[in-house]
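Biologist: Can you take me through this model? I would like to start with the open spaces and then move to single helices and residues.

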Amino acid sequence: MKKTAPLFVLIAGCLWGSMGIFVRGLGSYGFTSLEIGALRVFGALLFLGTGIFLYKKELLRIRLKDLWCFIGTGIISIVFFNYCYFTTIQLTSLSVAAVLLYTAPVIVTALGIFLFREKYHAIKMIALIMAFVGCVLVTGILSQKLTLSAGGIWLGLGAGFGYAMYSIFGRYAIQRGYESLTISFYTFLFACFGFFPLVDVKHMVSCLKPEWECVGLITGLVVLNTVIAYLTYTIGLTHMEAGRASILASIEPVVATLIGFFLYKEKLSWMTFLGVILVLGSAVIVNLKPKHMEK
């Protein structure tokens with residue numbers, strides 16, 4: 001399983017990268033960004049909860065002393081990240097928000113060294129730098145006039161921190177013996193508690209339409225971008241360092257960019273192309289870690 005762990009993380013990153021397809025579609029029905037986030041976690045909770053109840057109820061058992069792990073993955077990670085990220089977009093721009101968000105691998109790698117005694121070595125640091133520079137280039141931020149504010153920068157860094165916290169709290173939950181299904185279920189449960197005070201539930205319900213397109217978009221968002229994505233990432237995280245997993249997940253903006261190019265005819269500059277190459281290169285390099293350094 002250790003050999004295939006990177007593949008699971010890459011699958012998760014690719015699924016997260018395809019989320020724009022479903023978000024754009026649901027946006028046309030009137031859903032706000034935070035409402036789409038709430039819809040994701042609530043739908044995922046129902047889908048996953050039903051599956052676990054029918055498959056293996058024992059997976060729903062957790063120890064009260066471990067609740068903080070799932071509060072961390074659900075509220076501190078998913079809810080805090082979404083709130084900071086969408087607010088950053090309002091205060092700055094999408095590209096600035098994206099770059100600040102992808103400070104997450106740096107945060108995960110640094111915390112992994114101190115909290116989990118993950119190995120520090122040159123290959124990981126090179127891959128980390130390549131992934132971050134690649135994400136910067138993919139966003140196209142260098143070719144744009146920047147819109148910056150102190151609040152936007154701090155909230156953007158907060159989004160990166162929240163994004164990183166899933167890997168950190170998820171690692172703690174794994175160390176306490178919880179399976180990926182259990183971690184994902186309680187992550188979505190606590191995320192629901194955090195999301196719904198932030199959204200207009202009546203407006204969200206009014207946007208739901210009994211149409212095949214709307215149902216299909218919600219199903220794709222819930223099943224592909226949320227349930228399967230978080231499950232595969234958590235499975236990968238179970239068998240590899242948090243820092244490596246976070247670097248590999250940087251494939252997300254690359255997939256989003258390629259989807260924009262092929263499906264929405266968005267332009268692909270030479271800087272974007274170079275960014276794609278750097279991120280893909282970082283995914284290869286981070287897996288060249290010498291065997292004697294594996295944890």
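Modeller: What follows goes through a predicted model, starting with its pocket and cavity.

Biologist: How big is the largest pocket?

Modeller: The volume of the largest pocket is about 1,400 Å³. It is lined by 47 residues, and those closest to its centre are G20, Y85, L94, A98 and A256.

Biologist: Which elements give two or more residues to that lining?

Modeller: Those elements are α1 (5–17), α2 (19–27), α3 (33–55), α4 (67–91), α5 (94–101), α7 (122–139), α13 (251–263) and α14 (270–285).

Biologist: And how does the lining of the largest pocket split by class?

Modeller: There are 24 nonpolar, 18 polar and five charged residues in the lining of the largest pocket.

Biologist: Which residues lie nearest its centre?

Modeller: W16, Y163, S167, Y233 and A249 lie nearest the centre of the largest cavity, out of 17 lining residues. At least two lining residues come from each of α4, α6, α8 and α11 (212–238). Helix α8 gives the most, with four residues.

Biologist: What classes of residue line the largest cavity?

Modeller: The lining of the largest cavity has 13 nonpolar residues, four polar and no charged.

Biologist: Next, α6. What length should it have, and what does it have?

Modeller: Helix α6 covers residues 104–115, and at 1.5 Å a residue its 12 residues should span 16 Å.

Biologist: Which residues of α6 are buried?

Modeller: A104, P105, V108, T109 and G112 are the buried residues of α6. They cover an arc of only 130° around the axis, so they are on the same side of α6. The buried residues of α6 pack against α5, α7, α8 (150–175) and α12 (242–248).

Biologist: What comes after α6?

Modeller: R117 follows α6, in the loop between α6 and α7. R117 is not a glycine, yet its phi is positive, at about 55°.

Biologist: Is R117 buried or exposed?

Modeller: R117 has a relative accessible area of 71%, which is over the 50% cut-off, so R117 counts as exposed.

Biologist: Where else does a positive phi turn up?

Modeller: K265 has one too, about 60°, and K265 is not a glycine. K265 lies in the loop between α13 and α14. Its relative accessible area is 67%, so K265 is exposed.

Biologist: Change of topic: A127. Where is it, and what does it touch?

Modeller: A127 is in helix α7. With a relative accessible area of 0%, A127 is buried. Not counting residues up to four places away in sequence, A127 touches I247, S282, I285 and V286. A127 and L288 are 161 residues apart along the chain, and their C-alpha atoms are separated by 9.9 Å.

Biologist: How about V223?

Modeller: V223 belongs to helix α11 and is buried, with a relative accessible area of 18%. That value is under the 20% cut-off, which is why V223 counts as buried. Leaving out residues up to four places away in sequence, V223 touches F47 and I228. V223 and T238 are 15 residues apart in sequence, and 21 Å apart in space from C-alpha to C-alpha.

Biologist: Last one, S180. Which helix is it in, and what is it in contact with?

Modeller: S180 is found in helix α9, residues 180–195. S180 is buried, with a relative accessible area of 15%. Leaving aside neighbours within four places in sequence, S180 is in contact with L231, T234 and I235.

Notes:
Residues are numbered from 1 along each chain as its sequence is written. This is a predicted model: local features need pLDDT of at least 70, side-chain atom pairs count only at pLDDT 80 or more; totals for chains, interfaces and linings use all residues. Side-chain values use heavy atoms; hydrogens and water are left out. On a 1 Å grid over the protein atoms alone, a cavity is a set of points where a 1.4 Å probe fits but cannot get out, and a pocket is an open set with protein on both sides within 12 Å along at least five of seven lines; lining residues have an atom within 4 Å of a point. Grid points are joined across faces, edges and corners, and a volume is the space filled by probe spheres set on the points. Ala, Val, Leu, Ile, Met, Phe, Trp, Tyr, Cys and Pro count as nonpolar, Asp, Glu, Lys and Arg as charged, and the others, Gly among them, as polar. The expected span of a helix is 1.5 Å times one less than its number of residues. Buried means under 20% relative accessible area, exposed over 50%, partly exposed in between (1.4 Å probe, protein chains only). The arc is that of the directions from the helix axis to the C-beta atoms. Contact means heavy atoms within 4.5 Å.
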